[in-house]
Amino acid sequence: MECCPPEEKQNSCHPQKNKRSWYSFFRLMLLCASVLYIGHLLNSVYFNIENKHAHLLHAFYELMNLMSWGIALGIVFVGLLSFVPREYVISVLGKPRTKVGLIRATLAGLLLDLCNHGILMVGMKLYERGASLGQTMAFLIASPWNSFSLTLILWALMGFKWMLVFVVLSAVIAFVSGMIFDLLENKKILPANPHQVELTPDFKLWTQLKRDWSTYQFQWLDIWHMLKNGFKDSRMIIQWIIFGALLSSIIKTYVPTDIFTQYFGPSLLGLGATLLATTVIEVCSEGAAPVAADFINRAAAPGNSFTFLMAGVSTDYTEIMALKETTHSWKIALFLPLITVPQILILGYLLNQ
């Protein structure tokens, strides 16, 4: 078994044209990010200008700093996964399109300590390594605000009871959504993962791992290759993360906060307003936790808090675009909010009661 099996080439009618178009957008996002980030540093050191445009620079600077550790760890995990044979991934996650496989993917999402942007890169890599569509969705839906460290933060902000309720309900939505995606894939309503592999009946993970490890010789150059592959495979996700940060910073700067702060009570109107707000605002998981706690502590609306956390993932344009780019299917990307948002709103309404 090769330590780093080659990836299948993506089929495309115009591969070179698509690649050039994608790379141009990536460079444009990097240019915009550099201008805004460096612009804030220059303004804070030399100019000290105080206006809306300066606030935009500051908002983008803070958001990128907040997301940077998750992006960096995501690149490392993606780089590591590029060296892991697909058989290993499938063995750990369980057989695709099975309940056991969905449970394992959900638990992996709950326990992996990364923010939503790092999780997104890892989830897309799991899809490329052979995870089923249902497993990928269960992993993504359970993950973004359920990292171990962030769970402790939620405990401190809103109390143990609500933290536990939110974690359990998010796992339920992840598992149910994964089952629905697998069902739609089986019925050929959604396209199957072309990267899926079938394990041979005699495949034993630990036996194969010991065999491969005994023949592996570490070289410092391997770390460079891991980081290089991680960045290369994450560029498609990073461009949408930057795009989301730009859009979020613009909204935070130029849209009055009163529009969002007056309509978040425990009512159908408040629930709808929460869904609208979390859809248009790109919030990293660390930034979402204090806002979600305010819905409970100030507005007495735990359902709105749960909706803000969960729907922020399901309707996140960064995640939707990443799914579309990875799966090459708009249908799969748009089915994410179509399947999850109704579940979230129903549970949010019940929690508010």
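These notebook entries record what I looked up in a predicted model of one protein chain.

**Entry 1. Ground rules.** I number residues from 1 along each chain as its sequence is written, and I leave out hydrogens and water, since side-chain values use heavy atoms. The model is predicted: local features need pLDDT of at least 70 and side-chain atom pairs count only at pLDDT 80 or more, while totals for chains, interfaces and linings use all residues.

**Entry 2. The whole chain.** I counted 16 helices and 0 strands in the protein chain. Helices (H or I, at least four residues) and strands (E, at least two) are DSSP runs, numbered from the N terminus. Of the 353 residues, 49% count as buried; buried means under 20% relative accessible area, exposed over 50%, and partly exposed in between, with a 1.4 Å probe and protein chains only. The chain exposes about 17800 Å², of which carbon and sulfur atoms supply 68%; the areas come from the Shrake-Rupley method with a 1.4 Å probe, and for residues only the protein chains shown count as cover. I then looked at contacts (heavy atoms within 4.5 Å). Among those between residues at least 6 apart in sequence, 81% join residues at least 24 apart.

**Entry 3. Helix α6.** I asked how many residues of α6 are buried. In this helix, residues 133-142, the count is 10 of 10. Among them are L133, Q135, M137, F139 and I141.

**Entry 4. Helices α8 and α16.** Two packed helices are described by the angle between their axes and the distance between the axes. For α8 (residues 160-186) and α16, I noted an angle of about 145 degrees and axes 10 Å apart. Axes are lines fitted to C-alpha atoms, for helices over the stretch in contact, and angles run from 0 to 180 degrees between N-to-C directions. The contact of the two helices has 16 nonpolar, 3 polar and no charged residues. Here Ala, Val, Leu, Ile, Met, Phe, Trp, Tyr, Cys and Pro count as nonpolar, Asp, Glu, Lys and Arg as charged, and the others, Gly among them, as polar. From α8 the residues include W162, F166 and I173, which meet a set in α16 including F335, I339 and L347.

**Entry 5. N352 and N304.** N352 lies in α16, residues 330-352, and counts as buried at 13% relative accessibility. N304 belongs to α14, residues 302-314, and is buried with a relative accessible area of 0%. I found a polar contact of 3.0 Å between the side chains of N304 and N352. Such a contact is a pair of N or O atoms within 3.5 Å; within protein, one must be able to donate a hydrogen and the other to accept it, and residues adjacent in sequence count only if both atoms are side-chain atoms. A polar atom of the N352 side chain also lies 2.8 Å from the backbone nitrogen of G303. Not counting residues up to four places away in sequence, N352 touches P266, S267 and L271, among others, and N304 touches residues including F264, T274 and F295.

Entry 6. Which phi do N48 and K188 have? N48 has a positive phi of about 55 degrees, and K188 one of about 65 degrees, although neither is a glycine. N48 sits in the loop between α1 and α2 (52-82) and is exposed at 53%. K188 sits in the loop between α8 and α9 (205-215) and is exposed at 73%.
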